[in-house]
Amino acid sequence: MTQAEVLDDVGRHLPAAGSIDRAAVPLGMYVGFLAQHGLLSDALQDRAADLVTRVRYREITGSELLIAGCGGSLDAGHLSEEGREFSRAFLPDFLDVYRETFGADLYAVSDDWDHYDRLAPRLAAALMRFRGEHRDHPDDRRPWWKFWR
């Protein structure tokens with residue numbers, strides 16, 4: 001069995017966060033975004049179908065999917081091909097985007113959908129840039145979920 005390419009792991013955040021619940025929030029919001037945008041692998045969607053569906057319906061958070069469905073680790077096998085490519089390109093900058101959105105203490109953010117909604121437009125913009133898409137006008141004020149044609 002080959003070792004999976006680990007893209008990020010809650011354990012990497014644990015020393016700074018102080019608890020698993022707090023350590024899971026940033027990466028959990030990212031996993032929630034991946035679930036919302038169909039960037040998870042078929043294997044993960046099959047194995048954790050109930051959890052993925054509950055994230056898509058906002059019944060649970062991405063952190064709960066990360067812990068219960070991915071064992072606290074986001075690896076390449078959890079993602080579709082596009083999800084892997086996007087994550088490899090974007091994850092190195094993700095915590096900077098997260099920090100710019102919420103402030104210096106990465107782990108003080110509440111794990112809820114209101115906070116996710118503050119971060120999601122920035123993740124959607126990064127995904128659109130990755131895909132080579134853009135808004136028609138830079139001052140377009142449409143909600144982020146209405147960008148796609």
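Helices (H or I, at least four residues) and strands (E, at least two) are taken as DSSP runs and numbered from the N terminus. On this basis, the protein chain follows the pattern β-α-α-α-α-α-β-α-α along the sequence, with seven helices and two strands. The model is predicted: local features need pLDDT of at least 70, side-chain atom pairs count only at pLDDT 80 or more, and totals for chains, interfaces and linings use all residues. Residues are numbered from 1 along each chain as its sequence is written, and side-chain values use heavy atoms, with hydrogens and water left out.

Of the 149 residues in the protein chain, 46% are buried, where buried means under 20% relative accessible area, exposed over 50% and partly exposed in between (1.4 Å probe, protein chains only). The accessible surface of the protein chain, computed by the Shrake-Rupley method with a 1.4 Å probe, comes to about 8000 Å², and carbon and sulfur atoms account for 49% of that surface. With contact defined as heavy atoms within 4.5 Å, 65% of the contacts between residues at least 6 apart in sequence join residues at least 24 apart.

Helix α5 spans residues 62-70, and its buried residues are Gly-62, Ser-63, Leu-65, Leu-66, Gly-69 and Cys-70. The cover over these buried residues includes α1 (10-17), α2 (20-36), α3 (42-47), α4 (49-56) and β2 (73-75). Just after α5, Gly-71 adopts a positive phi of about 65 degrees.

The packing of α2 against α5 has an angle of about 100 degrees, with the axes 6 Å apart; axes are lines fitted to C-alpha atoms, for helices over the stretch in contact, and angles run from 0 to 180 degrees between N-to-C directions. The two helices α2 and α5 are therefore roughly perpendicular, a term applied to angles of 65 to 115 degrees. On the α2 side the contact is made by Ile-20, Ala-24, Val-25, Leu-27, Gly-28, Val-31, Gly-32 and Ala-35, and on the α5 side by Gly-62, Ser-63, Leu-65, Leu-66 and Ile-67. These residues comprise nine nonpolar, four polar and no charged, with Ala, Val, Leu, Ile, Met, Phe, Trp, Tyr, Cys and Pro counted as nonpolar, Asp, Glu, Lys and Arg as charged, and the others, Gly among them, as polar.

Nine aromatic pairs are found in the whole structure, a pair being rings of Phe, Tyr and Trp (its six-membered ring) with centres within 6.5 Å. One of them, Tyr-30 with Phe-86, is stacked (planes under 30 degrees apart), at 6.3 Å centre to centre and 20 degrees between the planes. Tyr-30 lies in α2 and Phe-86 in α6 (residues 81-102), so the pair ties together parts 56 residues apart in sequence. Both Tyr-30 and Phe-86 are buried. They belong to one aromatic cluster together with Phe-90, Phe-94, Tyr-98, Phe-102 and Phe-130.

The loop between α4 and α5 contains Tyr-57 and Arg-58. Tyr-57 is exposed, at 63% relative accessibility, and its C-alpha atom is separated by 8.9 Å from that of Gln-36, 21 residues apart along the chain. Arg-58 is partly exposed, with a relative accessible area of 33%, and its phi is near 65 degrees, a positive value in a residue other than glycine. Most residues other than glycine have a negative phi.

Asp-112 occupies the loop between α6 and α7 (113-131) and is partly exposed, with a relative accessible area of 27%. The C-alpha atoms of Asp-112 and Ser-63 are 9.5 Å apart in space, whereas the two residues are 49 residues apart in sequence.

Note on methods: Parallel < 35°, antiparallel > 145°, perpendicular 65-115°, else oblique. Phe/Tyr/Trp six-rings, centres within 6.5 Å; stacked < 30°, edge-to-face > 60°.
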